[in-house]
Amino acid sequence: QDSPDVALGITRQQKRVLLIDSYEPHFYLVPREGRKPEQVQEQLEVEKPHPSISKVAVEKKRDVSTEKQVLKIFCKDSESVEKPSRAATNSITGGL
């Protein structure tokens, strides 16, 4: 998805608006305990478990009361998030 989605509209006050959305489809993957997120990131970038995966980034996210490092995995299009997420999970867990 190289170009952003663009929408034209009119507000309740009859003003014209232009909305530009640069959303990149993605999902989050939590590494198993004891695995460093950077190592998993490198593994996924080298193995490329699915052709729809465009890039992998390490981010901090809160899980109720704790902060964790997770992998944010970007996909080329929003319709292909399920298969890459399965492929990435199988890649780092050995298919379990």
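**A loop residue and its setting**

Tutor: Gln-14 is exposed, with a relative accessible area of 62%; here exposed means over 50% relative accessible area, buried under 20%, and partly exposed in between, using a 1.4 Å probe and protein chains only. This is a predicted model, in which local features need a pLDDT of at least 70, side-chain atom pairs count only at pLDDT 80 or more, and totals for chains, interfaces and linings use all residues. Residues are numbered from 1 along each chain as its sequence is written, and side-chain values use heavy atoms, with hydrogens and water left out.

The backbone of Gln-14 also deserves attention. Most residues other than glycine have a negative phi. Gln-14 is not a glycine, yet its phi is positive, at about 65°. This residue lies in the loop between β1 (5–10) and β2 (16–21); helices (H or I, at least four residues) and strands (E, at least two) are DSSP runs numbered from the N terminus.

Although Lys-48 is not a glycine, its phi is positive, at about 45°. Its place is the loop between α1 (37–47) and β4 (53–63), and Lys-48 is exposed, with a relative accessible area of 59%.

The confidence of the prediction should be kept in mind. The protein chain averages a pLDDT of 84, and 89% of its residues score at least 70; pLDDT is the predictor's confidence in each residue, from 0 to 100.

Eleven residues form the largest nonpolar core: Phe-27, Leu-29, Val-40, Leu-44, Ile-53, Val-56, Leu-71, Ile-73, Cys-75, Ala-88 and Ile-92. Such a core is a set of buried Ala, Val, Leu, Ile, Met, Phe, Trp, Tyr and Cys residues joined through side-chain atoms within 4.5 Å. At least two residues of this core come from each of β3, α1, β4, β5 and α2 (82–93), and β5 gives the most, with three residues. In soluble globular proteins, nonpolar side chains tend to be buried together.

Strand β3 (residues 26–29) has two faces: Phe-27 and Leu-29 are on the covered one, while His-26 and Tyr-28 are on the uncovered one. Phe-27 and Leu-29 are among the core residues listed above. β3 runs antiparallel to β5 (residues 66–75), joined to it by four bridges; two strands pair if DSSP finds at least two bridges between them. Within this pairing, His-26 has Phe-74 of β5 as its bridge partner.
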